[in-house]
Amino acid sequence: MHIYANPARFLRIAKWLTPLLLVSGLVLTGGALLWGFTQVPPDRLMGDTVRILFVHVPAAWLGMGGWTAIAVASLVELVWRHPLAAIAARATAVPGAAFAAICLATGSIWGRPTWGTWWVWDGRLTSMLVLLFLYLGYIALSSSLAREGQASRIAAIFGLVGAINVPIINRSVVWWNSLHQPPSITTGGSSIDAVFLWPLLAATIGFSLLFGGVVLARMRTILADIQAEARLRRKAQKADMKADMQSDGAIA
Amino acid sequence: MREALDQMLFVYASYGVTVVGTLAIVAQSWFAMKAAEARRDRAKSK
């Protein structure tokens, strides 16, 4: 892992990996959504709303996966002081928040025709909303710390503590009564028919590739900003030193 | 009174939210990266 701690080496890999992930993600996601939209038959119980599954489930997976990635990066930053870990955590927060918001929006749209309501304050929906608020808090905290040039250890601790919400979201439908159905895909197998499962898998992989590409692009943005700022600061220091030497010479 | 809901309207809405949201975050991240790297290269060449 420390092999990739070098930002120069990371940038060399990210330069070709970013467009590759984004293009392959766009193609796979587009194909999977088209497949789900045009080829999948209506479900016996849910009817056409079953198609919402192909956007809602990947969004939920990435919303939770994004915070898991922040927690892992925060741990790596706190324990090994990996120089890219803090940047990776910061870069993951905005796409993670976007997918958590998409998950809540599509879940609400799915709930209206299926449950007869846009929203209920049950364990699954409420814990997912808490995740979105955690993301917003993390984004505000990490960007304000970065602006002030402070160490990101506080944001890393926040990232680790917030991870407690991820297993709560996952187990919420088991622990509490909920309108939301229990888990359909577990380590023991899947209760979803293959006709729905394959496009769902393709959409999840496609959105995950896009997520990876977005995270890499945002990491490159943060690194480029740091490098530009460092270069401008060095030049300003050199100019100051030159001006000091000239004024000293003029006095002498 | 029972409501007559057109399920496909909800499907269109959820796909619309997801596609617009995803493309927006992809485009914003890509153009922000290009702009930041151009700024860095300008700072290098100055």
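The structure is a predicted model, in which local features require pLDDT of at least 70 and side-chain atom pairs count only at pLDDT 80 or more, whereas totals for chains, interfaces and linings use all residues. Residues are numbered from 1 along each chain as its sequence is written, and chains are lettered from A and ligands numbered from 1 in the order in which they are written.

Chain A contains seven helices and two strands, these being DSSP runs numbered from the N terminus (H or I, at least four residues, for helices; E, at least two, for strands). Their order from the N terminus is α-α-α-α-α-α-β-β-α. The radius of gyration of chain A is 23 Å, well over the 18 Å that the globule rule gives for 252 residues, so chain A is more spread out than a compact globule; the radius is taken over C-alpha atoms, and the rule is 2.2 Å times the number of residues to the power 0.38. Along the principal axes, the C-alpha atoms of chain A fill a box of roughly 95 × 35 × 30 Å. Of the 252 residues in chain A, 40% are buried (20 or more other C-beta atoms within 10 Å of the residue's own, with C-beta atoms placed from the backbone). Among contacts in chain A between residues at least 6 apart in sequence, 78% join residues at least 24 apart, a contact requiring C-beta atoms, placed from the backbone, within 7 Å.

Helix 2 (residues 53-80) and helix 3 (residues 85-115) of chain A have axes that come within 7 Å and cross at roughly 155°. Helix 2 of chain A is therefore roughly antiparallel to helix 3 of chain A (angle over 145 degrees). By class, the contact of helix 2 with helix 3 of chain A has 20 nonpolar, eight polar and one charged residues.

Helix 3 of chain A also packs with helix 7 (residues 194-251) of chain A, at an angle of about 125° and with the axes 8 Å apart. This makes helix 3 of chain A oblique to helix 7 of chain A. Residues in the contact include I87(A), A91(A) and V94(A) of helix 3 and F211(A), V215(A) and M219(A) of helix 7. The contact of helix 3 with helix 7 of chain A has eleven nonpolar, one polar and two charged residues.

The contact between the chains takes 33 residues from chain A and 25 residues from chain B. On the side of chain B that touches chain A, 14 residues are nonpolar, six polar and five charged (Ala, Val, Leu, Ile, Met, Phe, Trp, Tyr, Cys and Pro count as nonpolar, Asp, Glu, Lys and Arg as charged, and the others, Gly among them, as polar).

Key: Axes are lines fitted to C-alpha atoms, for helices over the stretch in contact, and angles run from 0 to 180 degrees between N-to-C directions. Angles under 35 degrees count as roughly parallel, over 145 as roughly antiparallel, 65 to 115 as roughly perpendicular and the rest as oblique. A residue is buried if 20 or more other C-beta atoms lie within 10 Å of its own, exposed if 12 or fewer, and partly exposed in between; C-beta atoms are placed from the backbone. Two residues are in contact if their C-beta atoms, placed from the backbone, lie within 7 Å.
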